[in-house]
Amino acid sequence: NSMPSHPIRRLAPILAFFVWTFAQPGGALPHAAAQAPESAGLADQLLKEDPQALAAEALAKGDARRGAIVFHQPQLACTRCHSTGEKPSPLGPDLSRRDERVTVEFLLDAVLRPSKAVRKGYESYVVVTADGRSLAGLLAKKTDEAVILRDATSGKMIEIAAADIDEIVPSKQSAMPPGLANLVGSRQQFLDLVRYLSDIGEGGPARADELRPAAAFFALPPL
């Protein structure tokens with residue numbers, strides 16, 4: 001019988017990610033970014049930079065494979081709303097679906113200024129009821145009898161009877177929250193993320209599948 005693998009050997013992929021993460025300027029794990037003064041204002045810093053130069057740097061210096069690891073971190077919740085070639089999500093567009101309008105600069109804006117240009121079909125609405133409540137979500141269905149919103153956080157359906165609705169107002173805010181770049185960790189990890197998004201947009205589901213990280217990066221294996 002073969003000897004069981006040593007616990008340290010099984011942790012190797014995770015340790016490799018830790019080494020890379022802290023080797024970056026201002027390196028920190030995404031979930032710790034909010035506690036790190038260096039990266040607390042990363043979004044504001046990036047917004048001050050020239051978009052064309054930042055896009056060029058993402059293509060030149062970003063690493064798509066590392067960016068895939070950032071994208072799939074549970075703390076960022078990217079995969080909660082976006083598909084990368086698997087089952088489509090009703091909360092956000094499939095990022096591996098090729099779209100000629102989606103340039104690298106568009107991707108930068110999508111992360112840094114999510115409300116600047118919301119893709120058609122993913123607009124948020126606010127329903128004001130006759131009793132003064134305000135309910136927000138994506139418009140899933142509208143009939144003469146009711147309006148159904150999809151909660152952008154949980155994905156659950158909210159049905160409001162037409163008789164109870166006072167007003168339906170399109171929201172100017174994207175369901176994607178601003179400031180996500182602050183959770184990435186470092187400038188290099190942001191460049192990696194943008195390079196990953198660019199790569200899967202160009203290469204489609206096959207490229208997304210090729211870059212998809214092993215589950216070992218997100219959960220410690222049992223010892």
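1. The lining of the largest cavity is made up of Leu46, Leu47, Glu49, Pro51, Leu54, Glu105, Leu108, Asp109, Leu112 and Arg113. A cavity is a set of points on a 1 Å grid where a 1.4 Å probe fits but cannot get out, and lining residues have an atom within 4 Å of a point. Helix H3 (42–47), helix H4 (51–61) and helix H7 (104–112) each give two or more residues. H7 gives the most, with four. Helices here are DSSP runs (H or I, at least four residues).

2. This is a predicted model, in which local features need pLDDT of at least 70 and side-chain atom pairs 80 or more, while totals for chains, interfaces and linings use all residues. Residues are numbered from 1 along each chain, and side-chain values use heavy atoms, without hydrogens and water.

3. The volume of the largest cavity is about 50 Å³. The count is one cavity of 30 Å³ or more. Its lining has six nonpolar residues, four charged and no polar.

4. Check confidence next. pLDDT (the predictor's confidence in each residue, from 0 to 100) averages 79 over the chain, and 78% of the residues score at least 70. Helix H2 (residues 12–23) has the lowest mean, 41, and H4 the highest, 95. Over residues 1–39, pLDDT stays under 50.

5. There is one aromatic pair. The ring centres of Phe71 and Tyr196 are 5.3 Å apart and the planes are at 45°, so the pair is tilted. Rings pair with centres within 6.5 Å; planes under 30 degrees apart are stacked, over 60 edge-to-face, the rest tilted. Phe71 lies in helix H5 (residues 64–71) and Tyr196 in helix H8 (residues 187–211), 125 residues apart.

Conventions:
1 Å grid on protein atoms, 1.4 Å probe; cavity = no way out; pocket = protein on both sides within 12 Å on 5 of 7 lines; lining within 4 Å. Points joined across faces, edges and corners; volume = space filled by probe spheres on them. Nonpolar A, V, L, I, M, F, W, Y, C, P; charged D, E, K, R; others polar. Contact = heavy atoms within 4.5 Å. Phe/Tyr/Trp six-rings, centres within 6.5 Å; stacked < 30°, edge-to-face > 60°.
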